Amino acid sequence: MTKQIRTVLVTGAARGLGAVVARRFHDAGYQVALGDIVIEEAQALARELSTDGSSAFALKLDVTAKADFAAARDTLLERWGSIDVLVNNAGASKVVPVMEITAEQFEQVINVNLRSVLYGCQVFGQYFAHRGAGRIVNIASLAGQNGGSATGAHYAAAKGGAITLTKVFARDLAAYGVTVNAISPGPLDLPVVHESVPADKLEQIIAGIPVGKLGSATYIADIAVLLACAEAGFANGACWDVNGGLYMR
Ligand SMILES: NC(=O)c1ccc[n+]([C@@H]2O[C@H](COP(=O)([O-])OP(=O)(O)OC[C@H]3O[C@@H](n4cnc5c(N)ncnc54)[C@H](O)[C@@H]3O)[C@@H](O)[C@H]2O)c1
């Protein structure tokens, strides 16, 4: 019997952690759809993974729009016939002191980091439930657990909400063979961290991490692949902490 190829949609896959996750799923034998608003970079990575587009392609997906998730689901179904995994990875923040966050800034950050999780889980959760199988992995953050505001209080609030939504959807979908889990990384060794944090500040941050180093994006991707596998059905509603010992519970 030939083994069925599994299929995943990774949001925010043009760069950073999403790109690493997409690559890792592809290495693991998945067909991978790379959703992002930065379509050119997503397309370049998709071409690198699969020159003929048979096992990877990019699609324009703004995670703040529910209709984009629905369109992505339809495109994947048309192209590959079924979908097994959604990784809600897209995220963004602009650091502003908590007392100065404007309503507009709050809304923007909530939309990209939290509304996205709601929409992704609604659209794909419904499809997975109908199908009787599926895996959703939400990329949260240590900030959502410890209230750390180094990346913005609105970001921390959104990520805390994403962890809670993970539990809500995990309960709701469990009976249909669908699991929903979160991964909650501390600061990772990724371009966005080096670009957005001044070198001396980053040194201070690293000195404050018990293991004395930034986290590996590849390891986060490995966990996502692990949570997505068929055997992972007993992991549900969990939040996988990967923070170098910064936060223990
Ligand atoms: N970098 C870290 O140290 C770290 C730590 C904890 C959690 N995270 C989380 O990991 C995820 C990835 O972060 P990253 O560090 O790779 O950031 P990044 O900025 O490098 O990448 C984010 C990606 O999301 C995409 N994106 C932004 N808004 C979007 C939208 N509306 N629709 C679709 N795509 C959109 C961007 O184009 C980009 O490709 C985020 O959820 C982030 O909160 C990162």
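Predicted model: local features only at pLDDT ≥ 70, side-chain atom pairs only at ≥ 80, totals over all residues.

**Exercise 1.** Work out whether Asn-89 is buried or exposed, and find what its side chain reaches.

*Solution.* 
- Step 1: Start with the location. Asn-89 sits in the loop between β4 (85-88) and α4 (103-131).
- Step 2: Check the accessibility. Buried means under 20% relative accessible area, and Asn-89 has 9%, so Asn-89 is buried.
- Step 3: Follow the side chain. The side chain of Asn-89 reaches the backbone oxygen of Gly-12 at 3.1 Å.
- Step 4: Look at the surroundings. Setting aside neighbours within four places in sequence, the contacts of Asn-89 include Val-10, Leu-17 and Ile-139.

**Exercise 2.** Find out which residues come nearest to the ligand, and how much of the ligand's area the protein covers.

*Solution.* 
- Step 1: There are 28 residues around the ligand, and those that come nearest are Leu-17, Asp-36, Asn-89, Tyr-155 and Leu-188.
- Step 2: In the side chain of Asp-36, an N or O atom is 2.6 Å from an oxygen atom of the ligand.
- Step 3: A polar backbone atom of Val-63 is 3.0 Å from a nitrogen atom of the ligand, and a backbone N or O atom of Leu-61 lies 3.3 Å from a ligand nitrogen.
- Step 4: Turn to the area. On its own the ligand has 830 Å² of accessible area, and the protein covers 90% of that.

**Exercise 3.** Describe the salt bridge between Asp-222 and Arg-24, and say which parts of the chain the pair links.

*Solution.* 
- Step 1: Recall the idea. Side chains of opposite charge can pair when their charged atoms come close.
- Step 2: Check the distance. For Asp-222 and Arg-24, N to O is 2.5 Å.
- Step 3: Asp-222 is in helix α9 and Arg-24 in helix α1 (residues 16-27), so the pair links distant parts of the chain, 198 residues apart.
- Step 4: Check the accessibility. Asp-222 is partly exposed at 32%, and Arg-24 is partly exposed at 29%.

Methods:
Residues numbered from 1 in each chain as written. Heavy atoms only, no water. Helix = DSSP H or I, 4+ residues; strand = E, 2+ residues; numbered from the N terminus. Buried < 20%, exposed > 50% of the residue type's maximum accessible area, 1.4 Å probe, protein only. Polar contact = N/O pair within 3.5 Å; in protein donor to acceptor, adjacent residues only side chain to side chain. Contact = heavy atoms within 4.5 Å. Near = heavy atom within 4 Å. Areas by Shrake-Rupley, 256 points an atom, 1.4 Å probe, with all protein chains shown as cover. Salt bridge = Lys/Arg side-chain N within 4 Å of Asp/Glu carboxyl O.
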